[in-house]
Amino acid sequence: MRILVVEDEKKVANFIKHGLEEERYIVDVANDGEKGLEMAMNNEYDAILLDVMLPGRDGFKVLQELRNAGISTPVMMLTARGATEDRVLGLDLGADDYLPKPFSFEELAARLRSILRRSSTEKTTKLKCQDLVLDTVSHLAYRGGKEIELTTKEYAILECLLRNKNRIVSRSNILQHVWKHSFDPESNIIDVYIKRLREKLEFDPSLPPLIQSIRGVGYRIRETSQINQENEQQ
Ligand code: CA
């Protein structure tokens, strides 16, 4: 899951970013309203944490522009404690929730899970392939019922493949989904991560491989256990 944090106080932004990254979200930060709006318009986020008091365009204006542009990404406003009128205005403009400052990380994480759960009624919260299950709310992966420890980026790559199950996902699609900055498409960073993911997913040598390499293009995760070994690069 990819989250945008629009917050001008660097300390608060870093606190949120680090906490969410530990919970295996991919986090982008914008330090003002203008940049936040631009990032929200040009990327697909699963949720946006939007501060109200921002230099330039404030959080309400950003929210209004997003909703006017038809972007329905769930938004949680970060408001000053006691500013009731701010909360009402935010909700009227189409915010999904508000969180008064100062807040504990636990509360932020719980509220975020709640808006993600609400917004994902049409999306499933469990992605499956063969005996692999990825829970997109708790961010845990299981194979044959055994929990697999994944890093944030490994999780994001696996989620990207599972959301495109049975389809080939190009390296540049994976880069776009998982890394915020563009990498040289010739770089082998994805292959390095896929190799590690495979080692984790095939923790027992008797387990069939799940991720298939498509030479020169990308990767695919398939429902059938028959993976053409000829296509295997690694
Ligand atoms: Ca602020």
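This is a predicted model: local features need pLDDT of at least 70, side-chain atom pairs count only at pLDDT 80 or more; totals for chains, interfaces and linings use all residues.
**Entry 1: the overall picture**

I began with the whole chain. The protein has 234 residues, and 49% of them count as buried. I found 8 helices and 12 strands in the protein. Next I looked at contacts with a separation of 6 or more, and residues 24 or more positions apart account for 58% of those.

D8 is partly exposed, at a relative accessible area of 28%. D51 has 3% relative accessibility and is buried, because the cut-off for that word is under 20%.

**Entry 2: A47, also in β3**

I stayed with strand β3, where A47 is placed. Is A47 buried or exposed? Its relative accessible area is 0%, and I wrote it down as buried. Leaving out residues up to four places away in sequence, A47 touches R2, I3, L4, T73, P74, L112, I115 and L116. For T73 I also looked up the C-alpha distance: T73 and A47 are 26 residues apart along the chain, and their C-alpha atoms are separated by 5.6 Å.

**Entry 3: helices α2 and α3**

How are α2 and α3 arranged, parallel or antiparallel? Helix α2 (residues 33-42) packs on helix α3 (residues 59-68) at an angle of about 20°, with the axes 10 Å apart. Angles under 35 degrees count as roughly parallel, so that is the label I gave the pair. Their crossing is right-handed. From α2, the residues G33, L37, A40 and M41 meet V62, E65 and L66 of α3. Sorted by class, this contact holds 5 nonpolar, 1 polar and 1 charged residues.

**Entry 4: helix α6 and its partners**

Helix α6 (residues 152-163) and helix α7 (residues 171-178) pack at about 125°, with their axes 10 Å apart. That angle makes α6 oblique to α7. The crossing of these two helices is right-handed. On the α6 side I listed K153, A156, I157, C160 and L161, and on the α7 side I174, H177 and V178. The classes in the contact of α6 with α7 come to 6 nonpolar, 1 polar and 1 charged residues.

Then I turned to α8. Helix α8 (residues 189-201) and α6 pack at an angle of about 85°, and their axes are 10 Å apart. I therefore recorded α6 and α8 as roughly perpendicular to each other. In this contact K153, E154, I157, L158 and L161 of α6 meet Y193, I194, R196, L197, K200 and L201 of α8. The contact of α6 with α8 divides into 7 nonpolar, no polar and 4 charged residues.

**Entry 5: backbone details in the loops**

Where is the cis peptide bond that I noted? It joins K101 and P102, with omega at about -5°. P102 lies in the loop between β5 (97-101) and α5 (105-119).

I also noted two positive phi values. Q130 is not a glycine, yet it has a positive phi of about 50°. I found Q130 in the loop between β6 (126-129) and β7 (132-135). Its relative accessible area is 24%, which is partly exposed. N166, not a glycine either, has a positive phi of about 70°. N166 is placed in the loop between α6 and β10 (169-170). At a relative accessible area of 40%, N166 is partly exposed.

My last stop was G145, in the loop between β8 (140-143) and β9 (146-148). G145 is exposed, with a relative accessible area of 65%. Between G145 and V133 there are 8.2 Å in space, C-alpha to C-alpha, and the two are 12 residues apart in sequence.

Methods
Residues are numbered from 1 along each chain as its sequence is written. Side-chain values use heavy atoms; hydrogens and water are left out. Buried means under 20% relative accessible area, exposed over 50%, partly exposed in between (1.4 Å probe, protein chains only). Axes are lines fitted to C-alpha atoms, for helices over the stretch in contact, and angles run from 0 to 180 degrees between N-to-C directions. Helices (H or I, at least four residues) and strands (E, at least two) are DSSP runs, numbered from the N terminus. Angles under 35 degrees count as roughly parallel, over 145 as roughly antiparallel, 65 to 115 as roughly perpendicular and the rest as oblique. A crossing is left-handed if the near helix is turned anticlockwise from the far one by less than a right angle, and right-handed if clockwise. Contact means heavy atoms within 4.5 Å. Ala, Val, Leu, Ile, Met, Phe, Trp, Tyr, Cys and Pro count as nonpolar, Asp, Glu, Lys and Arg as charged, and the others, Gly among them, as polar.
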